[in-house]
Structures are given as structure tokens and as C-alpha cells.
Amino acid sequence: MAWRASLSRSVKEIRVLFCQSSPASAAAREFVKKNYGDIKSRNPSLPFLVRECSGVQPQLWARYEMGVERCVNLDGLTEAQIDKKLEELAKAGESAKAK
């Protein structure tokens with residue numbers, strides 16, 4: 001997970017949205033519980049926002065340079081799959097900077 005240390009170079013902000021109680025958001029809640037501390041310790045200046053809203057579908061948002069944002073629906077994904085989606089969003093930010 002070396003990509004986590006360079007997350008703040010490719011992404012300007014991360015937002016995770018989920019419902020506090022729905023089964024569809026269970027993996028997103030666990031992902032935040034288990035990974036928030038590690039991501040923040042490796043990227044202390046990176047805004048990592050957690051938004052809870054009743055009934056919302058779990059989503060992962062990444063904001064890049066110039067306000068460009070990408071969203072991934074997390075419904076039905078496992079914690080490992082959510083981690084992979086975050087890595088993909090980080091790599092998308094790296095490739096966008098290279099252009």
C-alpha cells in the first residue's frame with residue numbers, strides 16, 4: 001500500500017458518504033473505521049471527509065486539480081474492493097497530472 005503515502009500528491013480531497021445504519025453501507029463504515037487513521041497519518045494535510053446521511057447510497061468521491069471530481073458507488077463492495085477503488089482514483093489523479 002505504498003500508494004497511500006503519495007495520495008495527497010494526486011488527490012486534493014477524499015469524501016466518503018454512507019448511511020449510519022443500512023446494510024449496504026456496512027463495508028464503507030468498516031473501511032473508514034479501519035483505514036482513516038492510516039491514511040491521515042500518511043497524508044496529514046489531505047482533507048478526508050466522512051459524511052453520514054440517513055438512506056444515502058455509499059459513495060467514494062475524489063477531488064483533483066481545478067475542482068474536477070470523480071465518484072464511485074460502493075454499494076455491494078467489500079472493504080478490500082473499496083481500498084482498490086481508492087487506489088484507482090489516486091492513480092487517475094496521477095495520470096491526469098501527467099497530461
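Guide: Welcome! Before we start, one term: a residue is called buried when its relative accessible area is under 20%, exposed when it is over 50%, and partly exposed in between. Please keep in mind that this is a predicted model.

Visitor: Thanks! Is Ser 6 buried or exposed?
Guide: Ser 6 sits in the segment before helix 1, which spans 7-10. Leaving aside neighbours within four places in sequence, Ser 6 is in contact with Asn 43 and Glu 94. Its relative accessibility is 16%, and the limit for this class is under 20%. Ser 6 therefore counts as buried.

Visitor: In what order do the elements of the chain run from the N terminus?
Guide: The secondary structure comes to three helices and four strands. Read from the N terminus on, the order is α-β-α-β-β-β-α.

Visitor: What share of the contacts in the chain between residues at least 6 apart join residues at least 24 apart?
Guide: As background, 40% of the 99 residues count as buried. Among the contacts between residues at least 6 apart in sequence, the share that joins residues at least 24 apart is 71%.

Visitor: Which residues have the most contacts inside the largest nonpolar core?
Guide: The largest nonpolar core has 24 residues. Strand 1 (13-18), helix 2 (26-42), strand 3 (59-63) and helix 3 (79-98) are the elements that give two or more residues to this core. Leu 7, leaving aside neighbours within four places, is in contact with residues including Ile 39, Leu 46 and Ala 90. The residues with the most contacts inside the core are Leu 7, Ile 14 and Leu 86.

Visitor: How many of the residues of strand 1 are buried?
Guide: Glu 13, Arg 15 and Leu 17 point one way from strand 1, while Ile 14, Val 16 and Phe 18 point the other way. In a regular strand, side chains alternate between the two faces of the sheet. Residues on both sides of strand 1 are buried. Strand 1 is largely enclosed by the rest of the structure because the number of its residues that are buried is six of the six.

Visitor: What is the bridge partner of Ile 14 in strand 3?
Guide: Strand 1 and strand 3 pair in the antiparallel sense, over five bridges. Within strand 3, the partner of Ile 14 is Ala 62.

Visitor: And which residue is the bridge partner of Ile 14 in strand 2?
Guide: Strand 1 pairs with strand 2 (residues 48-52) in the parallel sense, over five bridges. Strand 1, helix 2 and strand 2 make a right-handed β-α-β unit. In strand 2, Ile 14 has as its bridge partner Phe 48.

Visitor: How many Å separate the C-alpha atoms of Gln 59 and Val 72?
Guide: Gln 59 lies in strand 3. Not counting residues up to four places away in sequence, Gln 59 touches Arg 15, Val 16, Leu 17, Cys 71, Val 72 and Leu 74. Gln 59 and Val 72 are 13 residues apart along the chain, and their C-alpha atoms are separated by 5.6 Å.

Visitor: Is Met 66 buried or exposed?
Guide: Met 66 is in the loop between strand 3 and strand 4 (69-73). Its phi is near 60 degrees, a positive value in a residue other than glycine. With a relative accessibility of 82%, where the limit is over 50%, Met 66 counts as exposed.

Visitor: How far apart in space are Ser 22 and Met 66?
Guide: Ser 22 has its place in the loop between strand 1 and helix 2. At 19% relative accessibility, Ser 22 counts as buried. Ser 22 and Met 66 are 44 residues apart in sequence, and their C-alpha to C-alpha distance is 34 Å.

Visitor: How far apart in space are Glu 88 and Glu 13?
Guide: Glu 88 is found in helix 3. Its relative accessibility of 40% makes Glu 88 partly exposed. Glu 88 and Glu 13 are 75 residues apart in sequence, and C-alpha to C-alpha their distance is 15 Å.

Visitor: Which feature does UniProt place at residues 20-93?
Guide: The span 20-93 is 43% helix and 20% strand, and its end C-alpha atoms lie 29 Å apart. The UniProt record, an unreviewed entry, gives this span the feature "domain: Ribosomal protein/NADH dehydrogenase".

Terms used:
Residues numbered from 1 in each chain as written. Predicted model: local features only at pLDDT ≥ 70, side-chain atom pairs only at ≥ 80, totals over all residues. Heavy atoms only, no water. Buried < 20%, exposed > 50% of the residue type's maximum accessible area, 1.4 Å probe, protein only. Contact = heavy atoms within 4.5 Å. Core = buried A, V, L, I, M, F, W, Y, C linked by side-chain atoms within 4.5 Å. UniProt positions renumbered as here; feature names shortened; annotations may be inferred. Pairing = 2+ DSSP bridges. Right-handed = clockwise from strand over helix to strand, strands pointing away.
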